[in-house]
Amino acid sequence: MNALVIDGRAVAAGVRARVAREVATLPTPPGLATVLIGDDPASAIYVRNKRRQCAEAGMRDLHRHLPGEITQEAAAAVVDELASDPQVTGILLQLPLPPHLDAAALIERIPPEKDVDGLTERSTGRLALGRPGLRPCTPEGVMVLLDEIGAVLEGAHTVVVGRSNLVGKPMAQLLLQRNATVTVCHSRTRDLAAVCRTADVLVVAAGVPRLIGEDAVKPGAIVLDVGIHRTENGLCGDVDTDTVREIAGVVTPVPGGVGPMTIAMLLQNTLTAARENPIT
Ligand SMILES: NC(=O)C1=CN([C@@H]2O[C@H](COP(=O)(O)OP(=O)(O)OC[C@H]3O[C@@H](n4cnc5c(N)ncnc54)[C@H](OP(=O)(O)O)[C@@H]3O)[C@@H](O)[C@H]2O)C=CC1
Ligand SMILES: Nc1nc(=O)c2c([nH]1)NC[C@@H]1CN(c3ccc(C(=O)N[C@@H](CCC(=O)O)C(=O)O)cc3)C=[N+]21
């Protein structure tokens, strides 16, 4: 079989165009504050892309670049300042942070109504309770891709590889909310390939290059690759797409799959946050 390869760039461009049209109807533009601490090159690329696409959608780009040696107190003061700034309708603290900083404590200083990354306790709790709220961008983007291809989730067996707060856990919650049967795998899972082979829908966010090979995929399965790695031969994901595409029904490429959706959903969340908490 030769799997359908989902064009995440095209789906993301559609989402961004819709967000831009809706932003244009607002009396004042939403303002997204991206906070980058330190000089991690990958983080710098992601933040640059987020800022550019934010501006292209007609939103204000309110970036803060802080030195990697910043203290917890000084970083907290910057988040507090953005929290009380009425021009700022969304705050994104780019992760990971330098190891001396307490990321969870900084995230909790983001007012829940500006939590466009969906990572505060309130957003997380609302997701767990199935109540409306801002959702983490990457899992939300995966759901949009699944809907785009008309995937039937109700009653389907879905396997999520990874249980991070940023991707795996919220991914499992979103699938559960759509009445999928959900199995979550992690680094202690016994016989990962055997569990993955039971999946109608397999979402992989482990952070291990080419972890998932053809032995871990059911024929015809839908495989979404969240992983992203920079190698000498360019970018690759957590899925060995070259072999898996012979078996799967649908796969997402890296690059050009889930990654662009993450940024598109960030813009969507920034619009939602601004609408629900308009600048006065
Ligand atoms: N495309 C996009 O937009 C985004 C891409 N990413 C990428 O997705 C990947 C995952 O990100 P993130 O969730 O933040 O990563 P984390 O490192 O926070 O979490 C990785 C998870 O995978 C599990 N895991 C690690 N190794 C294995 C293994 N060998 N078998 C099974 N499970 C394993 C870990 O298990 P345990 O809990 O037991 O340690 C953990 O739960 C990374 O490559 C990251 O760069 C992330 C965010 C957005
Ligand atoms: N608070 C926080 N929120 C995040 O959402 C967050 C984060 N921290 N830390 C890191 C991860 C990673 N992430 C990506 C975003 C875009 C692409 C993306 O656009 N990828 C392009 C390629 C871009 C490139 O060339 O590198 C693609 O896959 O086609 C990838 C990964 C968001 N993350």
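The model is predicted: local features need pLDDT of at least 70, side-chain atom pairs count only at pLDDT 80 or more, and totals for chains, interfaces and linings use all residues. Residues are numbered from 1 along each chain as its sequence is written, while chains are lettered from A and ligands numbered from 1 in the order in which they are written.

**Around ligand 1**
- The shell around ligand 1 holds 25 residues, and Gly162, Ser164, Ser187, Gly207 and Thr262 come nearest (a residue is near a molecule or strand if its C-beta atom, placed from the backbone, lies within 6 Å of it).
- Helix 10 (residues 258-276) gives the most to this shell, with three residues; helices (H or I, at least four residues) and strands (E, at least two) are DSSP runs, numbered from the N terminus.
- By residue type, the shell around ligand 1 has twelve nonpolar, eleven polar and two charged members (Ala, Val, Leu, Ile, Met, Phe, Trp, Tyr, Cys and Pro count as nonpolar, Asp, Glu, Lys and Arg as charged, and the others, Gly among them, as polar).

**Around ligand 2**
- Ligand 2 is surrounded by 18 residues, of which Tyr46, Leu95, Pro255, Gly259 and Thr262 are the closest.
- Two or more residues each come from helix 2 (41-56), strand 5 (90-93), helix 6 (137-148) and helix 10, and helix 10 gives the most, with four.
- Eleven nonpolar, six polar and one charged residue make up the shell around ligand 2.
- Ligand 2 lies between domain 1 (28-111) and domain 2 (136-258), because both give residues to its shell; the domain bounds come from an automatic or database domain assignment.

- Six strands form an open sheet in the order 1-12-9-8-6-7, with parallel pairing (two strands pair if DSSP finds at least two bridges between them).
- Strand 1 (4-5) and strand 7 (181-185) are the edge strands, each pairing on one side only.
- Strand 1 runs parallel to strand 12 (residues 250-251) and is joined to it by two bridges; Val5 has Val251 as its bridge partner in strand 12.

**Annotated spans**
- An unreviewed UniProt entry places "domain: Tetrahydrofolate dehydrogenase/cyclohydrolase catalytic" at residues 6-117, a span that is 46% helix and 14% strand, with its end C-alpha atoms 24 Å apart.
- The unreviewed UniProt entry also gives "domain: Tetrahydrofolate dehydrogenase/cyclohydrolase NAD(P)-binding" at residues 136-276; this span is 35% helix and 18% strand, and its end C-alpha atoms lie 17 Å apart.
- UniProt positions follow the numbering used here, feature names are shortened, and annotations may be inferred rather than shown by experiment.
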